[in-house]
Every structure is written in C-alpha cells, then in structure tokens.
Amino acid sequence: MSVNLSSRFIKNTALEGTFSAQQNIVSFSIHQGMKIDLSSSSVLVDLSVQDTDTNARNLPQFDGVSGIYNQAITFDDAGDANRVLPPVAYVKNADIRCEKVGQIESLRAVNTLRLGMYHYQEDSDTQKDQQYLGLGNSDDIGGLNGSPFRDLVRQGTIKSRDRNGILRIPLHSIFDVAKTPVWDTNKYGRTDIKLEMAFDKMNVRQTMGQNDANWANFNYQDIDAPNAGIAFPANTTVTTFKSSNAYFHPERKMPFHVNQKLIFQYTATNAGTPTVFSIANGTQKERTISQIQHNVDNDNKVSISFVDGIDFLQDDVISAMTVVGADSASSTIVFNKIELEMKQVNDPTPSSIEYTTYSTEEDSGFVGTQTNINKQYTCEGDSDNLVICALGSNAGVVKQNPTIRVNSSRITIDSKEETPEAVVGLVVGGINQAQPLYYDRIDRAFLNMGEDVESLYEKQYNFNQGLPTNPAGEASTLFQPLPLKPSPKQVQLDLDYTAGEIHTLKLYKRMVKQI
C-alpha cells in the first residue's frame, strides 16, 4: 500500500460552541483553497461521563471515597436503551452544500436509512468490530464491557481514572458524496456541512453495577468469608478479602478494578443469633477498592484490599458473603468539543464526481387494529432504487420489536406487479420463515446499486452483558429496484403485518447525481 507523505490531517471546530440533548445542531465550513479526502474524514464528538457518588461519608456503612464507575453510552431507541449501533445512528438530518454548486445532498432521517441498510452492507463480525468507533461495545470476554470513558486498572494500586471518549462518525457513512478521495474547494468553493444530531438518544449505561446480572451469572459476586466460618477471637477490622473464583486472565476477564465501589452483603452469626447485612435491610457495607493482587502462584484467586475495612465483632461467624458493584447516584454526559477531522491531499482534481443521494418521504398513522398498508407513492423518474424502512408503534429510529416485521409484501410499479406472488418475510417466535423470493429481492436491489450483500443476519447488537452475540431486533427494511423513466413513476405498496406493529413508513428514493 502506497503512502502519500504529503497528506496530513487537520481539524475544524464546529461553528456552534455549546451542545446538549437539546442543542443538537453541528455545523462546519471547509474554506476555499483546500483539497480534502472526504472518504478519510470524520466528525469527532468529544464526550465525558461525570458521576456523582451516594453518601460521600457515613462510616461504617460508607467509606466516603470517590469511586470510578464503568460507564458507556448506549443508544436509547424509543425506550430500548440497550442498543449498540454504528455512530451514524446519532445523525438525524444532514446537509452538505458548496458555493459554486449549491446543495449537494440534503438527507432527512439519514440514521434510519443507514441503519436499515447497514445489516446487509457489513457482515456481522465487521459490525461488531466497528464498535470501537462508538461509545459502548459488545464483547465476548464474560460481558465485561470495556468503556471508552474509563481507564480501568485491574491489578496493583494505581487508581483507575476517568477519561474522555470520542464518537467518531465517518463522513462517508453520512453522505455518499463523501466517498470521494479528492474534494477541491478551489473548484467547488467553500463547503458547508450542517448536521442535526440525535444527542437526545444518548443514554449512560453502567456495567457491573448493583443490578448487573453477571455478578450472579458468572459467580463473580462470591467472596471467601473471612476466617472460613471460624468465630473471630476479638473485635477485628478486615481490609483484604479473597474472591471465591479463580481468574486466569484478570487483566481482561475480571469484574474488579481499583477505585471500584463494592457492596458487601453477608450474615454475621453471634451467640447463635444471625444478623443479615444486606441491601434489602439497608445495612450493606460499601467499600472502595484500593489494591488488587492476583495470586498467580497459588490459586489464581484475587485479593481485594480497602483502606477502610469492615468491622467484625468478637465471636462473629461470617457466612454467605457476596459483593456487587455500587451504582453512581447520577451520571451526566458532558460535550467537550466537536470537530471535523479532515485529511488534506495533493492528488489531481477529478473532472467530475458521481455520487448517489436520496429523497425522503414519510407516512405515519398506521395504528390500532390495522394489519395492512395498501398505498401508492410517487418516485422521481431518475430514482433507481427504493428503500422502505418500517418503524414500530413507538416511532424510534429502528424497529424495536425483535420478533415482528413486515410479514409479506407486494409491490406494483405503474400498474405492473414486480413479483408473481406475495414476498414472505415472516418471523414467528424468533424463527425466520422468509422464502427464497424475499432474499432474491434483496440481492436484486443491491445488484442494481452496484453493491454486494455482505450479510443476511438482519440482527442488531445489544449492549450485551454475558453473551458474545445477543441479537436485539430484526432489521425491518424492504428493497425494490426501480426502472429509470423520463417522468415520475407510481409505486403501490401492499404490506401485511401484525396489528399495531407498524406506525411509520420511511421511503428513501435513490438517485445518481454528478457534479
């Protein structure tokens, strides 16, 4: 692979200075006199997650030490806050224009379009690998999701720390024209990019918190009770506890990190009378880890130490000791800055650029007992493909229900039926019963777009905890090649679905453009 040593990256700061869930407009200007490789350029959203602790100081129950919580940001799609989606999910509407040509692309609901196609354009492994571009990830090392907002130290005494995370959104994932390797602003003039972001969809998700099922699923919560059931001879403060589990790769597959807050629950039996220290009783003991030691030469268990230990009374016999992670009292997403990272090049300017773009039409209100949509829509004469995204009743960005989709469809173009029978794409009880004709329509559409179908898995990844792949929803996208005509064409959609499951149709009509 050749390397152009004259290439270099520069950054433009967004024109707006403040961002939040409500302040979600992001604009950039690329000034005249530059050559940019748009295909290697990205929008960088610099974020941090700030936590607040509960009960800063109230011994003996709390130790008052500031904790480090393992946080990530997931995509909250109409109440489903477990989605791990590609970064383009956070771009709602997008516009790119230049001085000498005018508007190049104006895309409405671009995230629904890109997500609807993403499951076919990238194989499932690539989809998973690309999570490093985003704000949370799904992994297969016991559900211990790494966080872009934390440097977690799993051995020794060095404190874990907070850090900024970067949401990297490649420009080519938003605009098709951004696939060009040379964009010359001497030829096209100053170029303006305006994005309306879905920052309101950002949701902070803590891994290994109090209610994380992995504590029980993997026996992470089990702690060897001090003295192994023998009564304490005197009042004693214990500052080091040992895990019941052995960990052979604690740097990767272990639920503990330095400065993590743990909640201890146990039973202390004294003179035959048991006292339960638990969350339910409000008597749990919360302590912050100060040191982790891996006993690699002995039993591969880990010893967890605390500055403030737990006090036990004389003659206490300890049993049923477990730990879970403490939750932060609150978490706040902070937008530090947003930049456009651009790659400058000195390559020759192409005589023209051919690209594709989409016009958008939205139709909603399909509710109640309705089980069929039979409507006609107008498509531009120069549109060559139609992408139809069906959304659920709670009108999110992608369809929410994991087992229901368009059951069957028939499409007619200018009174000519495209298939001899209804195309069945039915999923019953999570089992795909789609017929070969269903996949034939997908293959035809992608062939017409000049692309390969990389996957027919049609699933979306969850922010999974404990399962390497936990599909959380079917893609609900239909594709239809369109004939090129000198005048608009009428497309009739006849869709059958389960009552009340489809609320909105978004139709994207693809056209080839040249500048």
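1. His119 is buried, its relative accessible area being 4% (buried means under 20% relative accessible area, exposed over 50%, and partly exposed in between, with a 1.4 Å probe and protein chains only). His119 has its place in helix 1. Its C-alpha atom is 7.2 Å in space from that of Leu456, although His119 and Leu456 are 337 residues apart in sequence.

2. On the basis of the note: this is a predicted model, in which local features need pLDDT of at least 70 and side-chain atom pairs count only at pLDDT 80 or more, while totals for chains, interfaces and linings use all residues. Residues are numbered from 1 along each chain as its sequence is written, and side-chain values use heavy atoms, with hydrogens and water left out.

3. The protein has 515 residues, and buried residues make up 53% of them. Its secondary structure comes to five helices and 34 strands; helices (H or I, at least four residues) and strands (E, at least two) are DSSP runs, numbered from the N terminus. Of the contacts with a separation of 6 or more, 77% are between residues 24 or more positions apart, where contact means heavy atoms within 4.5 Å.

4. How many of the 12 residues of helix 1 are buried? The number is 11, so helix 1 is largely enclosed by the rest of the structure. Among the buried residues are Val110, Leu113, Met117 and Tyr120. The length of helix 1 agrees with expectation: at 1.5 Å a residue, its 12 residues should span 16 Å, and its end C-alpha atoms are 16 Å apart. The expected span is 1.5 Å times one less than the number of residues in the helix.

5. Asn111 is also in helix 1 (residues 110–121). At 3% relative accessibility, Asn111 counts as buried. Leaving aside residues up to four places away in sequence, Asn111 touches Val88, Ala89, Val91, Lys92, Ala198 and Val397.

6. An open sheet is formed by four strands in the order 2-12-6-7, with antiparallel pairing; two strands pair if DSSP finds at least two bridges between them. Strand 2 (25–30) and strand 7 (102–107) stand at the edges with a single partner strand each, so one side of each is left without a neighbour in the sheet. From one strand to the next, the twist averages 10°. Axes here are lines fitted to C-alpha atoms, for helices over the stretch in contact, and angles run from 0 to 180 degrees between N-to-C directions.

7. Strand 6 (residues 91–98) and strand 12 (residues 191–197) run antiparallel and are joined by seven bridges. Asp95 has Lys194 in strand 12 as its bridge partner. Helix 1 packs on the sheet, where it touches strand 6 and strand 7, and the direction of helix 1 makes about 105° with that of strand 6. Cys98 has Thr191 as its bridge partner in strand 12.

8. Strand 12 also pairs with strand 2, in the antiparallel sense, over six bridges. Here Ile30 stands opposite Thr191 in strand 12. Strand 12 is mostly covered, with five of its seven residues buried.

9. Which residues have the most contacts inside the largest nonpolar core? They are Phe175 and Leu195, in a core of 67 residues. A nonpolar core is a set of buried Ala, Val, Leu, Ile, Met, Phe, Trp, Tyr and Cys residues joined through side-chain atoms within 4.5 Å. Strand 3 (residues 35–52) supplies the largest share of this core, six residues. Apart from it lies another core, of 29 residues, which includes Tyr247, Phe277, Ile292 and Val323. Not counting residues up to four places away in sequence, Phe175 touches Ala94, Asp95, Ile96, Glu105, Leu107, Arg114, Ile193 and Leu195.

10. In helix 5 (residues 436–448), 13 residues should span 18 Å at 1.5 Å a residue, which agrees with the 18 Å between its end C-alpha atoms. Its buried residues are Tyr438, Arg441, Ile442, Ala445 and Phe446. These cover an arc of only 125° around the axis, which puts them on the same side of helix 5; the arc is that of the directions from the helix axis to the C-beta atoms. The face turned away from that buried side carries the exposed residues Pro436 and Leu447.

11. What covers the buried residues of helix 5 includes helix 1, strand 24 (383–391), strand 27 (423–424) and strand 32 (477–481). Just after helix 5, Gly450 takes a positive phi of about 75°.
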